[in-house]
Amino acid sequence: MPTDPGDMPSGGQGDDLALLGLLQLVSPALPIGAFAFSQGLESAFELGWVTDEASLGDWLAGVLDDGPTRCELPALARLQQAWAAGDGETIAEWNRWLAANRETAELAAEDARLGASLARLLGSLDLLPPGLSGESPGLPAEPSYVTVFAWAACVRGVTARQAMLGFAWAWLENQLAVACKALPLGHTAAQRLVERLRPALVAAVDQALALGDDELGPALPGLALASALHETQYSRLFRS
């Protein structure tokens, strides 16, 4: 006999709402301006480092391994735990750590602007932290995008692992959107890259969860160079 949806336990409904909240948070339609930045990828096209589907896949796999896996993803897990515990000191510490790991003005500006934009959006939805003390620490004065994302995932009841997967997915989708605009790459080719890299996203989350604090930190000299050169690139579709 079919189960009446009204008889479902509240936990199931809560899981569904958390999933929908995560989908909202990682949607390309989220109005925070992520589409405006390329994270050095546009410069990599200009320099001839990335020229086609195969080289783009290699670039993204390498960036994922030495970037988000060792920086944003583990920091996101730690920040979400700190939000859940109401630990404002730890939140501020990881927010400063993220800022210190932005190696160019462009990357720092992207992180700060996306963080501010997401905070404004959450404010309009009455979802910002309510205070600055006790069990309800507020956002830092200049919150990283990762810091605000962690709060949003926490308040939506998303598990840390699912939040990390969602963050990694949003990163990949944004990078592929950049490629479709700036490189002769069709949408079918982009979907082939999604298929190629989906297992890598899961592996990245697994690795990020296993890393200790002293093992963290991005190692992306090529991306940093591309990002720095992008600031003076003659023709650009994306912001510096």
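Q: What should I know about numbering and the model before we start?
A: Residues are numbered from 1 along each chain as its sequence is written, and side-chain values use heavy atoms, with hydrogens and water left out. This is a predicted model, where local features need pLDDT of at least 70 and side-chain atom pairs count only at pLDDT 80 or more, while totals for chains, interfaces and linings use all residues.

Q: How many salt bridges are there?
A: Seven. The rule is a side-chain nitrogen of Lys or Arg within 4 Å of a carboxyl oxygen of Asp or Glu.

Q: Which residue does R78 pair with?
A: D213, at 2.6 Å from N to O. Helices here are DSSP runs (H or I, at least four residues), numbered from the N terminus.

Q: Is R78 buried or exposed?
A: R78 counts as buried because its relative accessibility is 17%. Buried means under 20% relative accessible area, exposed over 50%, partly exposed in between (1.4 Å probe, protein chains only).

Q: What about R198, which partner does it have?
A: E195, with the closest N and O atoms 3.3 Å apart. They are three residues apart in helix α9, so about one helical turn separates them. R198 is partly exposed, at 42% relative accessibility.

Q: Switching to α7. How many of its residues are buried?
A: Nine of 11, so helix α7 (residues 145-155) is mostly covered. Among the buried ones are Y145, F149 and W151.

Q: What caps its N-terminal end?
A: S144 caps α7 there. A side-chain oxygen of S144 lies 3.0 Å from the backbone nitrogen of V146.

Q: And which residue follows α7?
A: G157, with a positive phi near 75°.

Q: Last one. Which residues make the nonpolar surface patch?
A: L17, L19, L20 and L23, covering about 410 Å². Patch residues have over 30% relative accessible area and no salt bridge; like charges are joined within 9 Å, nonpolar side chains (Val, Leu, Ile, Met, Phe, Trp, Tyr) within 5 Å. Areas come from the Shrake-Rupley method with a 1.4 Å probe, and for residues only the protein chains shown count as cover.

Q: Where does L17 lie?
A: In helix α1 (residues 10-26). L17 counts as exposed because its relative accessibility is 54%.

Methods:
Helix = DSSP H or I, 4+ residues; strand = E, 2+ residues; numbered from the N terminus. Polar contact = N/O pair within 3.5 Å; in protein donor to acceptor, adjacent residues only side chain to side chain.
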